[in-house]
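Let's take a friendly walk through this fold, from its sheet to its helices. Have the 3D view open as you read.

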Amino acid sequence: MFKKNLADLKAYQPGPSPEEIRKAYGLRRLVKLDSNENVYGASPEVRKAILNDTLLPELYPDCRDSALRSDLSQRLGVPEDQFLFGLGLDEIIVLISRAFLASGDSMVMAWPTFYEYYCHAQIEGAATRKIPVDASGRHDLKAMLAAIDETTRVVWVCNPNNPTGTYLTHRELADFLDQVPNDVVVVLDEAYIDFVTADDFPRSTELMAAHPNLVVLRTFSKSYGLASFRIGYALSSRRIIDEIDKVRPPFNNPRLSQIAAFAALQDQAFKDTCVRKNREVRDMVSEFLDEKKIPYYPTQANFIFIKTDRPEEVAETCKKNGFLINPFETGIRVTLGKKDDMTVLLRLLGRIFSEAPAEPSI
Ligand SMILES: *Cc1c(COP(=O)(O)O)cnc(C)c1O
């Protein structure tokens, strides 16, 4: 009765809600640093735009996201017909997998990276080739290239990478794209691009011209603080966009999400302030970790990966002390919070890491 592909998959397991955890641990306050949400919220213009809207609850939304499409097209210098909008990047990852992957196909991704790539390849019955990140937490592009064969349809590149926060340069990505066969789709997930300050970060829209097989992903969930509205988009050649569009449900973006994203875009000053504060906190945290000799990956995103061989234990201690963070196999991922909260968290981490050796065994 069930599909074989789904046998090894588990539904997303939501833990207890932050409010339940707060009560269970008897905390006055719980700081949520586990999902890379924007700790500064969203632009006040978003609230205004929504409250002023006529709502029109009985009508299906604009299936082309016209206002948003036209605005973004001008800002990015990418033609309107090279956009595809989704209910968050999560949906776009589903649509790309649906459009390009089937049983007998394979895809290549880094490890660790964003889990959803794996999940949807599995659902489509395609094989996954997980290529471990290198010692510096970056995609091993050479090994990823070597993993491509005639069955490979898609390669996922997450830049900056979630959870390591590390990045690939323009040169590295351009060289990689030159070597990937033209009939393999390269998906470049730039969910965190707005937080990046490195000068040599890829200018991905520029690379699209020479590489029609490149798909660039962006979202309003992180730097614009609209995770609740679920809106993201893909940029690519018309040929690829039209192909993904075949599997897109026509009314996938609710009216209010389109309005929220449009309003957020008009308030660049709010986003720029979030990005500036994030950079200040990032520098503060990195300096602290350097000083305490706690190993971590240098980050370009709004989170940081700290290495430890006891991630679960560290996460539990943080929870008891009012901070929700995310344990991985070789370390913890911490969303960069507000300065005051991070000052408290760093003091706690300093204590935790001085108790026992922190270097992971692998
Ligand atoms: C958060 C995140 C997404 C998902 O973004 P939504 O638009 O909220 O679905 C996609 N990719 C990466 C790497 C992310 O961290």
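## A pair of strands and their sheet

Strand 7 (residues 214–219) and strand 8 (residues 232–235) run antiparallel to each other, joined over four bridges. Within this pairing, Val216 has Leu235 of strand 8 as its bridge partner. Here strands are DSSP runs of E with at least two residues, helices are runs of H or I with at least four, and both are numbered from the N terminus. Two strands pair if DSSP finds at least two bridges between them.

Seven strands make up an open, mixed sheet, in the order 2-8-7-6-5-3-4. Strand 2 (83–86) and strand 4 (127–132) are at the edges with a single partner strand each, so one side of each has no neighbour in the sheet. From one strand to the next, the twist averages 20°.

## How the model was read

This is a predicted model: local features need pLDDT of at least 70 and side-chain atom pairs pLDDT 80 or more, while totals for chains, interfaces and linings use all residues. Residues are numbered from 1 along each chain as its sequence is written, and side-chain values use heavy atoms, leaving out hydrogens and water.

## Two helices side by side

Helix 3 (residues 66–76) and helix 10 (residues 255–266) pack at about 30°, with axes 9 Å apart. Axes are lines fitted to C-alpha atoms, for helices over the stretch in contact, and angles run from 0 to 180 degrees between N-to-C directions. That makes helix 3 roughly parallel to helix 10 (angles under 35 degrees). Contact (heavy atoms within 4.5 Å) involves residues including Leu68 and Leu72 of helix 3 and Phe262 and Leu265 of helix 10.

Definitions and conventions: Parallel < 35°, antiparallel > 145°, perpendicular 65-115°, else oblique.
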